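Reader: I am new to this structure. Please take one part and look at it closely.

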Amino acid sequence: MASFEHLTKSYDVGDQLDDIASADPPAYLRRCFAEGSSAPALPWSRVQQLAVCAMVLDAIVHDRDYEFFEHELIADWRVHYAGACAKMKDTAVQALRRVLERDRPQDPDAAGELEELVSRLTAV
């Protein structure tokens with residue numbers, strides 16, 4: 001399983017999970033994907049934020065575990081938000097594809113990890 005170490009390098013995943021948890025998680029994710037799709041350009045930190053949101057969505061909808069997520073928190077979100085999150089997979093994929101087209105990471109490993117996220121989210 002991919003570790004997504006290039007996308008999360010020097011990014012505080014824990015802080016972002018706290019931000020998501022302190023908000024309405026589906027609304028936070030939806031807003032992140034919408035902003036990722038519509039922004040004219042995304043700095044690297046926003047690409048990382050978008051990638052982590054996509055991982056959270058994947059963890060909730062496809063029951064995947066990511067090593068740097070608090071497993072109890074994700075399990076709780078699966079119970080409460082799986083339905084709402086399943087409806088935003090297309091929006092997340094659109095945002096990730098937009099990054100790959102316009103703001104593709106210069107690090108080929110990070111770009112490959114973004115492609116892997118797209119693949120995971122489009123899986124049935």
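Author: Buried means under 20% relative accessible area, exposed over 50%, and partly exposed in between (1.4 Å probe, protein chains only). Helices (H or I, at least four residues) are DSSP runs, numbered from the N terminus. The model is predicted, so local features need pLDDT of at least 70 and side-chain atom pairs count only at pLDDT 80 or more, while totals for chains, interfaces and linings use all residues. Residues are numbered from 1 along each chain as its sequence is written, and side-chain values use heavy atoms, leaving out hydrogens and water.

The part is helix H6, residues 89-102.

Buried in H6 are Lys89, Ala92, Val93, Ala95, Leu96, Arg98, Val99 and Leu100. Their cover includes helices H3 (25-38), H4 (44-61), H5 (71-86) and H7 (108-122).

Take H3. The axes of H3 and H6 (lines fitted to C-alpha atoms over the stretch in contact, angles from 0 to 180 degrees between N-to-C directions) come within 8 Å. They cross at roughly 35°. Contact means heavy atoms within 4.5 Å. H3 brings Phe33, Ala34, Gly36 and Ser37. H6 brings Thr91, Ala92, Gln94, Ala95 and Arg98.

Now follow Phe33. Leaving aside neighbours within four places in sequence, Phe33 touches Leu50, Cys53, Ala54, Leu57, Met88, Thr91, Ala92 and Ala95.

Key: Helix = DSSP H or I, 4+ residues; strand = E, 2+ residues; numbered from the N terminus. Expected span 1.5 Å × (residues − 1).
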